[in-house]
Amino acid sequence: MMKETVGKAVVGLRNKKTHELIAIYPHSVDGLNQETEKMVKDWYYKQDCAAETELRHCFVDIVRENELH
């Protein structure tokens, strides 16, 4: 489920089953909503068009500080 956030956040794509971080979106966002989810998934798709199948098994989530290092 998507959560609203206050302020800028770093987001990325996670595997739905394992919650493993797959990619970090290179720009900060103002919060998680449907528009943000579409923007992140579109960005990831543009990186590799073969990612379409993988995107079905991902969700957009906030990246925690310890995952950035």
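Before looking at the sheet, I noted the pairing rule: two strands pair if DSSP finds at least two bridges between them. Helices (H or I, at least four residues) and strands (E, at least two) are DSSP runs, numbered from the N terminus.

**Ground rules.** I'm working with a predicted model, where local features need pLDDT of at least 70, side-chain atom pairs count only at pLDDT 80 or more, and totals for chains, interfaces and linings use all residues. Residues are numbered from 1 along each chain as its sequence is written, and side-chain values use heavy atoms, with hydrogens and water left out.

**Confidence.** I checked pLDDT, the predictor's confidence in each residue, from 0 to 100. The protein chain averages 87, and 90% of the residues score at least 70. Strand E1 (residues 11-15) has the highest mean, 95, and helix H2 (residues 52-55) the lowest, 87.

**Sheet.** I found 3 strands in an open sheet, ordered E2-E1-E3, with antiparallel pairing. E2 (21-24) and E3 (58-62) are the edge strands, and each pairs on one side only.

**Bridges.** E1 and E2 are joined by 3 bridges, while E1 and E3 have 5. I followed Gly12 across both pairings: Gly12 stands opposite Ile24 in E2 and opposite Asp61 in E3.

**Burial.** Why did I note E3 as largely enclosed by the rest of the structure? Because 4 of its 5 residues are buried (under 20% relative accessible area, 1.4 Å probe, protein chains only).

Methods: Buried < 20%, exposed > 50% of the residue type's maximum accessible area, 1.4 Å probe, protein only.
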